[in-house]
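Hello,

Here is the structure for you to look through. My notes follow below it.

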Amino acid sequence: MKDPAAQGETVTVTRRFNQAQAEKRAEARRVATELASEGGYDGVTMTAVADRIGVSRATIYRYFASRDHLLAEIMAEWTRRINDDLQRNPPGGATPADRVGEAFERIMEMSGGNRGLTSAMLFAATSSDPAAKEAFPSWSGPVEVYLKTLLGDDSVPNLEEIVPVLSHVLFSALIAVAHRGQEPREAGNVLKTAARLLLGRVS
């Protein structure tokens with residue numbers, strides 16, 4: 001059998017963790033979230049995470065390939081929490097555009113409430129680290145999940161074309177809030193406009 005590495009192929013290794021290891025990984029994500037909230041992307045280092053947990057840096061590297069991998073997993077968790085909230089507390093609005101616009105407003109308020117964490121996750125979401133990209137593959141993924149929740153049984157023509165456009169607008173809005181100090185309400189208004197322009201004909 002030929003060695004894939006010798007042929008220049010990428011090999012993905014999936015690891016299984018026992019309960020104790022899974023709990024330690026969860027603790028690392030919690031601590032990294034705290035560090036990002038306090039100091040943004042630069043505040044999160046594998047050494048700082050290890051010190052706060054009370055383990056060696058080598059132990060953290062056994063669980064996460066890099067800082068970006070760790071933050072990308074937090075970004076994926078953030079996405080799931082947002083979608084859970086949208087399911088438990090559906091946005092009001094008579095039209096899909098109204099519901100999507102209100103949902104994006106919520107996301108902007110959350111992001112503005114913790115700019116350090118938002119900034120750190122944005123850096124990780126744009127990382128070239130293979131493990132980070134596996135944990136958070138693309139911006140279109142979360143928006144597709146949100147729209148599936150928000151639209152319900154509503155049929156939207158060309159949805160596969162709308163999703164990446166809304167994803168880019170959301171990404172730009174998050175950058176404006178986290179890195180340029182834009183007010184969440186202002187960024188939310190831009191997103192509501194985008195939702196209305198792209199989904200306004202869906203009733």
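The face of α10 turned away from its buried side carries the exposed residues R185, R196 and L197. Exposed means over 50% relative accessible area, buried under 20%, and partly exposed in between (1.4 Å probe, protein chains only).

This is a predicted model: local features need pLDDT of at least 70, side-chain atom pairs count only at pLDDT 80 or more, and totals for chains, interfaces and linings use all residues. Residues are numbered from 1 along each chain as its sequence is written, and side-chain values use heavy atoms, with hydrogens and water left out.

Helices are DSSP runs (H or I, at least four residues), numbered from the N terminus. Buried in α10 are P184, A187, G188, L191, A194, A195 and L199. Seen down the axis of α10, these buried residues fall within an arc of 115°, so they line one face of the helix. The arc is taken from the directions from the helix axis to the C-beta atoms. Their cover includes α5 (96-113), α6 (115-125) and α9 (159-180).

S167 lies in helix α9. S167 is buried, with a relative accessible area of 3%. Leaving aside residues up to four places away in sequence, S167 touches W139, S140 and V143. Contact means heavy atoms within 4.5 Å.

N158 sits in the loop between α8 (140-151) and α9. Its phi is near 60°, a positive value in a residue other than glycine. Most residues other than glycine have a negative phi. N158 is partly exposed, at 45% relative accessible area.

Best wishes

How values were computed:
Helices (H or I, at least four residues) and strands (E, at least two) are DSSP runs, numbered from the N terminus.
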